[in-house]
Structure formats: structure tokens, C-alpha cells
Amino acid sequence: MVERKTLLVTGGCGFIGSNFIHYILTHYPTYRIINLDKLTYCGNLDNLCEVAHQPNLIFVKGDIADREKVKGILHDERIDCIVNFAAESHVDRSIEDPDLFLRTNILGTQVLLEGAREAAVPLFIQISTDEVYGSLGSTGAFTEATPLKPNSPYAASKTAADLLVRAYIKTYGIAAIITRCSNNYGPYQFPEKLLPLMISNAMEDRELPVYGDGLNVRDWIYVEDHCRALDTVLHHGNGGEIYNIGGASERTNIEVVRTILEVLGKPESLIRFVMDRPGHDRRYAMDFSKLNKKLDWKPKMTFEEGIKRTISWYIDHQEWWQRIKTGEYLKYYERMYGNR
Ligand code: NAD
Ligand code: TYD
């Protein structure tokens, strides 16, 4: 018998959510997906234009913090799993104005959890981040048992959401899983995050603003590897568990920026060191051995190959990011980098 599942994917018009929808529609063509997205500044229907015509992908414009909206969807549809990507996701914006981060990331998650409880949804997957663990020194890696010590308003709001998921598991017995992933890169990433910002600026011969000394370390995972990890967790994960997801590709920011310039054949004179981000976490690294040992997942893409593919995508999709880099985006850029 062909398996049919209906997934409620929130934030499916953003970077990872849209990659996840593409992934699911390719690998599970019989599944139905309801995509609930508020279409904030980074939510983009263009990310799904190739699949928007498919009858098994339904778009609902709405806010995850809107109780009536969420209740309505869960009343009308028999949802097998909620996958919650929807979030305010940019650390720099959370430093500028934290309020919306609390509403979407904390209250929004609670509204979804409450909906899941009332409608007895069989599974809830909360897409969380390595940033809940705080910052590492030069050695070691975060495990699922590492204490939560978030440092930015973004990370604090994601931590609060994780704790609400935990509380709903313990108190109401809902079947929920938390996944914590490191920095993603790949197609459809909004060009205010490190990689697409640097790639698109370099293509336009603009300066590349590197914070502080450029020696902060991130672990980079190709977004398709993240989607494959979520596929594994969706089909084989156990309710109540937390799974770290990582790319096994630690790089300093300056290494990443130099690689981009090298691949594009652009000069290092484009690099400009700018004032550091307040509270800037020094290093993230993920121990994902639990997911590897229990569910046999590991990342497949090397950083060297992944960055080349990503750069090719931004070269082939200049219209996509040029449409974004206008209006509101330019105002944001001026606020963030104008006097830095
Ligand atoms: P993104 O900013 O590209 O997309 C977020 C999406 O959520 C957008 O489509 C936006 O319109 C939507 N959204 C925002 N507020 C909403 C609301 N109130 N109701 C409904 N929709 C709303 O983010 P992303 O990079 O794709 O991240 C997705 C998730 O993955 C987030 O939860 C983030 O915390 C987590 N995460 C991201 C990374 C990363 O490297 N990007 C790493 C680990 C975890
Ligand atoms: P970012 O993509 O914002 O992800 P996060 O802060 O969630 O890890 O930033 C990745 C790293 O790149 C982080 O150490 C901050 C740094 N960075 C810069 O140096 N310059 C920039 O313009 C941006 C956006 C980030």
C-alpha cells in the first residue's frame, strides 16, 4: 500500500522550509503538505514556484501565533506531523529588535503545541538550532546533554521554545522531537545571512563585511543533508528525543569568505573588517553521534563541493536575489552596515 501522510509545514516559504518541501515532494510524491507561512520579509513564494502547481501542496498565508488560524487548519485536516520551521531567524535582527522574536518563536511554538495537543497530532518536530547551547572554546562539541546557555535574543527565544516542547512532552504526553542543527547553506537562503550575502556582494564587486577578527567558527551543513536528517527523524525518530544535526565542516568566517572569493575569482581587497556583533558566539561544533548511531544518518556533502554548488546556484539565479536586494532590504543594509 502506498503510504500517504499529511504534513503541516510551517515557514515553508523560507530557506530551509522551502528546501524541505522540495525534498519531500521529490522523495514522497504521495504526501500532502500544508504550508503555513506569514510571508515576512524573508518568506518568498518564489522559492516554491516550481512546485506550487502541484495539487498536494497547499499554501495557507497565516501566523503560527494566530490560535484561530492554527485551530482551523488542525480541525479541517487530519495532520500526521507538524514540522515547525517558522521563526524569526536572524541574530542581527534579534539584537536590533527582539520583540517579534518572542512572539513568533516562543508564543507561536506554544500555539502550535496547544493545537497539536487538542487535535492529538501523532508527531511534532521542532526545528531548533545549535545556538541554544551558547558558545564553545577552541575544543569540544555540543552534545544533546550540553546545558542550554543562549547568548542572543534569537537563541534565547529558540531555547524557550525548546523548553515549551519539553514541557508539553512531560505534562501532556505529546509525541514531539527536537532537532538542533548547525549553520545551513545552499539554494534559497535569504541574502542577509553570511554565505548568500558574501556571494552576492562579491558578484556585484561590493565590500564583504566581516565581523570582528573573522575567526569565529561555525559548523556548516548543506541544506539537503539537513532535509535528509529530518526525513530520517520524521520516519524513524522517537517521540521525546532530541537529535543534534551537524555538517562536520568547521570553518572560520574568514576562511569561508576567502573560499567564496577564490571560487568567484574576485580579489581579497573586497574584504572589510567591521565592528563585531555584540555577544558574538565564538565557536559552534556539533556532536551528532546520537543520530549517526541510532538512526544511521551522517552528512554526505563536503564543504568544498557544497560551496561550489551553492555559488553556482546564486550565479544561475541572479534574478531571485536581485529582486530581494531592493527597497526594504537596502534600508536594512544601510542600518546594519552604513556606519559600522
Ligand atoms: P528563514 O528566516 O529563511 O525562514 C523563516 C520562514 O518563516 C519565512 O518563510 C517566514 O515568512 C516564516 N515566518 C516567520 N514568522 C512567521 C510566523 N509568525 N508565522 C508563520 N510563518 C512565519 O529561516 P530558515 O533559515 O529557513 O530557518 C528555519 C528554521 O530553522 C528556524 O526555526 C531556524 O531557527 C532553524 N534553524 C536555522 C538554521 C540556519 O542556518 N538557517 C540553523 C539551525 C536551525
Ligand atoms: P549568520 O549567517 O548571521 O548566522 P549565525 O549568526 O546564526 O551563525 O552569521 C554566520 C557568521 O558570520 C557569524 O559568526 C557572524 C558572521 N557574519 C559576518 O562576519 N558578517 C556578516 O555580514 C554576517 C551577516 C555574518
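Trainee: Which residues form one aromatic cluster?

Mentor: In this predicted model, the cluster consists of Y41, F190, Y211, Y329, Y333 and Y337. Across the model, the count of aromatic pairs comes to 20.

Trainee: What makes the pair Y329 and Y333 stacked?

Mentor: Two values decide the matter. Ring centres must lie within 6.5 Å to pair, and planes under 30 degrees apart count as stacked. The centres of the Y329 and Y333 rings are 6.1 Å apart and their planes stand at 25°, so the pair is stacked. Both residues belong to helix α12 (residues 327–337), where a spacing of four residues separates them by about one helical turn.

Trainee: Why is Y329 called buried?

Mentor: The term requires under 20% relative accessible area. Y329 has 4%, and is therefore buried.

Trainee: How do you know that the charged end of R93 sits over the ring of Y332?

Mentor: The distance criterion is that CZ of Arg be within 6 Å of the ring centre, alongside a limit of 35 degrees from the ring normal. The charged end of R93 is 4.1 Å from the centre of the Y332 ring and is assigned as sitting over it. A further case is R340, which lies over the face of Y211 at 4.0 Å from the ring centre; Y211 is also a member of the aromatic cluster.

Trainee: How many disulfides are there, and why is C181 without a bond?

Mentor: The count is zero. C42 is in no disulfide, the nearest cysteine sulfur being that of C13, 9.8 Å away. A disulfide needs two cysteine sulfur atoms within 2.5 Å.

Trainee: Are C42 and C181 buried or exposed?

Mentor: C42 has a relative accessible area of 18% and is buried. C181 likewise counts as buried, at 4%.

Trainee: What span does helix α4 reach, and what is expected?

Mentor: Helix α4 (residues 99–118) has 20 residues and reaches 28 Å from its first C-alpha to its last, close to the 28 Å expected at 1.5 Å a residue.

Trainee: Which residues of α4 are buried, and what covers them?

Mentor: Among them are F101, T104, N105 and G108. The covering elements include β1 (6–10), α2 (67–76), β5 (123–129) and α5 (153–172). After α4 comes A120, with a positive phi near 50°.

Conventions:
Residues are numbered from 1 along each chain as its sequence is written. Chains are lettered from A and ligands numbered from 1 in the order in which they are written. This is a predicted model: local features need pLDDT of at least 70, side-chain atom pairs count only at pLDDT 80 or more; totals for chains, interfaces and linings use all residues. Side-chain values use heavy atoms; hydrogens and water are left out. Helices (H or I, at least four residues) and strands (E, at least two) are DSSP runs, numbered from the N terminus. The expected span of a helix is 1.5 Å times one less than its number of residues. Buried means under 20% relative accessible area, exposed over 50%, partly exposed in between (1.4 Å probe, protein chains only). Contact means heavy atoms within 4.5 Å. Rings of Phe, Tyr and Trp (its six-membered ring) pair if their centres lie within 6.5 Å; planes under 30 degrees apart count as stacked, over 60 as edge-to-face and the rest as tilted.
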